[in-house]
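Open the model in your viewer and keep the selection tool at hand.

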Amino acid sequence: MTHTDAAAALSVWVALESPTSHPAGVNGMMDLVAQEVAGLPISVERIAGRDGLGDMVALRAGLDNGQPSVALMSHLDTVHPVGTSAKELPVRIEGDRLYGPGVYDMKGGAWLALQAFKDVAKAGTAKRPMVFLFTPDEEIGSPTSRGLIEEIGRGSAAVLVTEPARLGGKIVTARKGVGRFDVRLEGRPAHAGSRHADGRSAIREAAHQILAIEGMTDYTRGITTSVALIGGGTAANVIPQHAWFSVDCRVTTLADGVMMENRILSLKAHDPDVTIRVTGGMNRPPYEKSTAVAALFEVARGVAAGIGLDLQDCPMTGGGSDGNFTAALGVPTLDGLGIDGDGAHTLQEHALISSIAPRRALIKGLLETV
């Protein structure tokens with residue numbers, strides 16, 4: 001397949017907008033996957049979506065020899081709202097760059113990995129069973145797909161995740177754990193002019209709590225906390241009865257995840273007349289570069305060398321992925337095997353067309369080697 005043909009085929013996937021909250025678009029992507037493998041020696045299992053989210057598709061091929069499988073994992077949900085490609089981020093090619101919503105994170109990786117999966121299935125060159133799971137909800141923490149991700153992971157010798165490459169083609173062998181928390185505060189309303197002293201401000205309490213939470217960031221330990229969503233109040237002349245905010249927490253170790261979850265869930269109100277309720281917890285466990293992950297990376301380096309690539313990995317990255325779930329189970333996991341490019345979640349999101357062929361060859365080699 002030429003660069004031009006690959007870019008044209010991938011453009012079809014990118015043009016079908018599929019934000020997580022738009023199950024029709026996500027299911028349209030699942031339809032495209034099923035169409036790609038029709039008539040090939042690949043079985044298709046489609047799992048109906050739930051909780052207002054899209055379906056999942058699991059493809060299976062390769063040897064049915066009772067061995068643990070080699071698993072590929074891709075999400076087909078994106079973050080840009082429907083209509084982005086009609087306005088701010090049209091699907092287009094400029095030189096080596098293919099622009100469009102979700103092309104880098106991660107339709108490019110999903111598409112090229114599917115081509116590799118098809119190549120190996122048709123050639124019958126897999127050493128063990130192969131499974132390829134496409135999910136609808138990674139961008140919101142994989143609430144409906146985590147169970148199946150972990151189930152497939154437990155039955156696998158290795159998991160290959162097609163999130164985008166980093167820093168010029170580097171792959172990912174470690175990710176921080178991710179926590180999400182919701183803090184709700186209830187004070188006592190009062191007229192801000194005539195009864196000010198009777199009020200207990202939920203927003204004032206939120207300010208105390210936000211400063212305390214942001215102060216938990218410890219760069220030397222790789223712990224970060226941030227409050228990025230906030231709301232509250234009733235009217236401009238009322239002491240605010242209600243306030244809320246969200247907390248994002250990132251950690252590098254399982255122990256720090258437990259520690260931070262306990263710290264945030266046990267927040268106490270500064271003002272005894274304001275009540276505070278904290279929900280949530282660690283959503284993705286840390287994905288650490290274990291000896292098993294390091295050994296799998298060396299296998300990948302060998303495969304890459306055979307196709308003329310000097311494969312490198314990058315330091316632990318702050319973003320989570322579905323690889324966090326399988327790595328935390330002790331399953332050797334490689335991530336960042338997808339397309340190269342830049343601008344994930346932005347209006348400059350693009351993939352490098354020249355990276356498609358070598359990344360596809362890398363995944364094909366891994367499916368045949370692991």
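Select M73, S74, H75, M106, L133, T135, I149, V161, E163 and D322, which line the largest cavity. A cavity here is a set of points on a 1 Å grid over the protein atoms alone where a 1.4 Å probe fits but cannot get out, and lining residues have an atom within 4 Å of a point. Two elements give two or more residues to this lining, β3 (69–75) and β6 (129–135); β3 gives the most, with three residues. Strands (E, at least two residues) and helices (H or I, at least four) are DSSP runs, numbered from the N terminus. The volume of the largest cavity is about 50 Å³, a volume being the space filled by probe spheres set on the points, with grid points joined across faces, edges and corners. The count is one cavity of 30 Å³ or more.

This is a predicted model, in which local features need pLDDT of at least 70, side-chain atom pairs count only at pLDDT 80 or more, and totals for chains, interfaces and linings use all residues. Residues are numbered from 1 along each chain as its sequence is written, and side-chain values use heavy atoms, leaving out hydrogens and water.

Next, select helix α1 (residues 3–15). Which residues of α1 are buried? They are A6, A7, L10, S11, W13 and V14, where buried means under 20% relative accessible area (1.4 Å probe, protein chains only). These residues cover an arc of only 160° around the axis, so they lie on the same side of α1; the arc is that of the directions from the helix axis to the C-beta atoms. Show α2 (23–37), β4 (92–94), β5 (97–99), α3 and α9 (356–369) too, as they are among what covers the buried residues of α1, through contact (heavy atoms within 4.5 Å).

Now go to the largest pocket, with a volume of about 410 Å³. A pocket is an open set of points with protein on both sides within 12 Å along at least five of seven lines. Of its 21 lining residues, select E138, E139, R250, G320 and H345, which lie nearest the centre. Then colour α3 (103–123), β9 (177–186) and β14 (275–284), each of which supplies at least two residues of the lining.

The last stop is the second largest pocket, of about 180 Å³. Residues to select in its lining include L167, G168, G169, K170, D340 and R359.

Note on methods: Buried < 20%, exposed > 50% of the residue type's maximum accessible area, 1.4 Å probe, protein only.
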